[in-house]
Amino acid sequence: MASVKLEGVWKVFGNVVAVRDVNLYIEDKEFVSILGPSGSGKTTLLYLIAGIYKPSRGRIYFNDVDVTDLPPNKRNIGLVFQNYALYPHMTVYENIAFPLRLRNFGEPAIKEKVLSVAKLLGIEGLLDRYPAQLSGGQQQRVALARALVKEPEVLLLDEPLSNLDALLRIKIRSELKKLQKELGITAIYVTHDQSEALAMADRIAIIASGVIQQVGKPWDVYYKPRNVFVASFIGTPPANLVSVPLDSSRRCLLLPGGGRYCPPRRIAEKLAAVKTNSVILGFRPEVAVLSESPLGDYVSMEAEVYTVETLGRENIVTLLVNGSQVKVIVPPVVEPRPGSRIFINIEEDKVMYFDPETEINVE
Ligand code: ATP
């Protein structure tokens with residue numbers, strides 16, 4: 001069993017607040033990704049969980065036991081870094097054996113454990129080599145083997161795949177997820193690559209400027225982003241955002257192109273509480289349908305076609321709506337002429353609404 005709980009955790013370096021009041025609960029055997037842009041506090045958060053850093057404020061628990069004051073070697077964790085941090089003068093065997101030697105395991109136990117984990121990761125043929133004689137992908141597996149050999153309860157990974165080429169990254173990420181579930185280990189995985197997080201994690205914690213923005217299953221953070229930051233950070237291309245005025249009743253939207261749209265009561269009531277005269281309307285690029293005239297039962301906005309990118313499997317059409325650029329993914333046969341006027345149609349329940357002042361999703 002290994003759950004991890006952070007309670008009101010802060011980390012301040014001089015006048016930089018790297019992590020601000022983080023509350024996070026990670027269940028036993030869960031795979032959680034910490035996702036955020038460069039400098040958002042991901043590594044700091046991971047190092048706090050590892051015990052490499054001590055929080056400026058707040059407590060950290062493993063299985064409800066307070067570990068805040070314990071050093072890394074007392075926390076039963078495995079760590080894998082972006083640069084692998086293998087010992088260059090040691091063979092693969094010795095690299096993997098190292099954590100066991102530190103714990104004074106006997107030679108027969110070391111051999112058994114090293115061979116078993118090497119087999120698990122498919123590197124049993126590389127044990128006599130030195131790190132410099134390995135490819136990036138092989139080095140990455142050795143680093144993982146070294147982290148797993150002491151059978152940690154919590155595996156902490158800091159951008160472990162970012163030095164690998166794109167194809168290998170995709171291959172290893174599915175292997176890693178399978179291995180994590182088979183071993184029944186709790187994994188916390190730092191990445192700035194949203195496709196990695198969406199593909200691997202049971203839940204994703206999105207962080208910006210040291211603050212957790214949303215924690216949720218991949219589907220939730222994608223379709224129910226809590227705020228403008230999450231909506232515009234997740235997805236390739238990310239969600240589209242258009243500022244749309246409200247009418248005098250403040251319950252209906254005055255859509256670009258002259259249409260008026262009154263959302264269901266549940267949403268209209270939330271819109272009435274927004275303090276500005278407009279709302280930020282959001283939608284994912286793949287949920288919109290383009291047409292020459294507005295489609296009934298859809299939320300329709302008039303737009304001007306700006307560019308069309310043909311990607312083979314699909315086209316990405318960039319359009320201008322109320323001065324904002326939006327992107328729509330359409331089948332390859334849809335190729336509207338740049339400069340032409342067209343309608344973007346979105347199903348009612350696929351529209352998101354954000355308060356322009358707080359940038360929070362009103363739903
Ligand atoms: P990246 O993806 O670029 O690695 P990150 O999300 O992991 O970024 P952190 O390394 O956690 O971000 O850094 C968060 C903030 O804290 C940054 O502003 C960084 O400059 C600052 N910071 C991190 N470590 C230290 C330190 N040891 N001393 C001072 N400032 C630090």
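Student: Which residue is the bridge partner of Tyr61 in E5?

Tutor: Asp66 is the bridge partner of Tyr61 there. This is a predicted model: local features need pLDDT of at least 70, side-chain atom pairs count only at pLDDT 80 or more, and totals for chains, interfaces and linings use all residues. Residues are numbered from 1 along each chain as its sequence is written.

Student: How do you know that E4 and E5 pair?

Tutor: Strands pair if DSSP finds at least two bridges between them. Strand E4 (residues 57-62) and E5 have two bridges, so they pair, in the antiparallel sense. Strands (E, at least two residues) and helices (H or I, at least four) are DSSP runs, numbered from the N terminus.

Student: What makes E2 and E5 edge strands?

Tutor: The open sheet has four strands, in the order E2-E1-E4-E5, with antiparallel pairing. Strand E2 (16-26) and strand E5 (65-66) each pair on one side only.

Student: Why is strand E19 called largely enclosed?

Tutor: A residue is buried if 20 or more other C-beta atoms lie within 10 Å of its own, exposed if 12 or fewer, and partly exposed in between; C-beta atoms are placed from the backbone. Five of the seven residues of E19 (residues 341-347) are buried, so the rest of the structure largely encloses this strand.

Student: Which strands does E19 pair with?

Tutor: Among them is strand E15 (residues 288-291), antiparallel over four bridges. There, Ser291 has Phe343 as its bridge partner. Strand E16 (residues 298-310) also runs antiparallel to E19, joined by seven bridges. Tyr298 stands opposite Glu347 in E19.
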